[in-house]
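Hello,

Here is the structure I promised to pass on. Please open it alongside this note. My findings follow below.

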Amino acid sequence: MNIIYLVIPCYNEEEVLLETSKRLKQVLKRLMKEKKISEKSKVLFVNDGSEDDTWHIIETLCWESDWFAGINLTRNCGHQNALLAGLMTAKNYADAVISMDADLQDDVEAIEAFVDRFLDGYDIVYGVRSSRRTNTIFKRTTAGWFYRLMKFLGAEIVSNHADYRLMSKRALERLAEFHEVNLFLRGIVPQIGYPSTFVTYERQERFAGKSKYSLRKMISFAFEGITSFSIKPIRFICMMGGMSFLVSVFMLIYCIVQHFMGNTVSGWASLGVSIWAIGGLQLLAIGVIGEYIGKIYLEAKHRPKYMIEEMKGLEEKREEKKPDTEVE
């Protein structure tokens with residue numbers, strides 16, 4: 001039977017971890033009982049530099065049960081890097097890995113459908129939202145714009161899919177060949193090209209705690225995706241520059257004609273508007289180009305995307321020191 005690992009990135013998730021571990025354990029037990037997965041399957045938590053008791057809870061879970069394993073990163077590396085750390089570690093132990101968030105918004109009951117699709121021969125199974133009823137109108141609208149914009153810019157991306165997915169061992173090995181520092185896994189995974197399908201699920205409200213994705217982080221994440229998978233923004237700037245040049249030529253002809261016709265024009269308003277418009281366009285162009293240059297700078301340094309401080313529950317014989325207190 002296939003060994004399945006569930007990879008869960010965690011950042012300040014002390015309020016939900018116990019309930020998350022309980023529900024995931026129940027799902028794994030049921031799948032093992034149905035002979036769909038191996039008894040060596042585990043839940044792998046990745047602590048992304050949490051400032052609360054998240055890692056301590058993970059340590060205790062690993063000590064008390066063989067169902068759980070943990071990775072502690074040296075610092076906060078960001079959700080995508082923490083997820084990658086879990087995926088790259090889990091691929092050494094598992095036949096397939098399912099990634100999901102710790103807040104229980106991803107429906108754990110969909111895990112069985114993921115496994116079924118994997119057993120049918122699919123290497124990648126995407127979890128796709130059936131609706132966005134739990135989101136605000138603002139988030140629903142902006143999310144729709146984002147997916148349409150990404151596709152317009154030429155990026156391969158699955159609509160209404162976050163990071164709830166299953167990947168086979170060979171798909172993860174291909175993922176390891178992507179060396180981008182600026183990670184956007186939702187755009188990278190579809191490029192692997194192995195047989196894929198999707199499972200729909202109803203996304204739930206957070207079980208507890210607050211979302212770690214502020215509006216600023218969501219905008220940054222969206223911009224990361226756009227600039228990581230398309231150079232069309234630069235091409236648009238070139239087109240705008242060409243159009244501005246053509247407009248300036250027509251304006252020059254118009255001014256010459258008006259001069260010889262004897263029309264007196266004050267000119268200060270049109271001149272002021274033109275300066276502000278062209279100046280703003282230039283600053284926008286420099287900013288977009290600078291973003292791409294910044295990405296080249298980061299990629300050229302080849303810095304590690306994450307560093308692991310310690311791992312728990314992944315060794316055959318564990319000799320870790322028992323935590324001071326137990327999880328009740």
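Predicted model: local features only at pLDDT ≥ 70, side-chain atom pairs only at ≥ 80, totals over all residues.

Start with two loops. Asparagine 12 sits in the loop between β1 and α1 (17–33). Its phi is positive, about 55 degrees, although asparagine 12 is not a glycine. Leucine 104 lies in the loop between β4 and α4. Leucine 104 also has a positive phi, about 65 degrees, and is not a glycine. Is leucine 104 buried or exposed? Leucine 104 counts as buried, because its relative accessibility is 5% and the cut-off for buried is under 20%.

Now the sheet. Eight strands form an open sheet with mixed pairing, in the order β7-β5-β6-β4-β1-β2-β3-β8. The edges are β7 (196–201) and β8 (308–312). Each has a single partner strand, so one side of each is left without a neighbour in the sheet. On average, neighbouring strands are turned by 20 degrees against each other, direction ignored.

Strand β3 (residues 68–73) and β8 run antiparallel, joined by four bridges. Asparagine 72 stands opposite glutamate 310 in β8.

Two helices lie across the strands. Helix α4 (residues 111–119) lies across β1, β4 (96–99), β5 (124–129), β6 (161–168) and β7. The angle between α4 and β6 is about 40 degrees.

Best regards

Technical notes
Residues numbered from 1 in each chain as written. Heavy atoms only, no water. Pairing = 2+ DSSP bridges. Axes fitted to C-alpha atoms, helices over the stretch in contact; angles between N-to-C directions. Contact = heavy atoms within 4.5 Å. Buried < 20%, exposed > 50% of the residue type's maximum accessible area, 1.4 Å probe, protein only.
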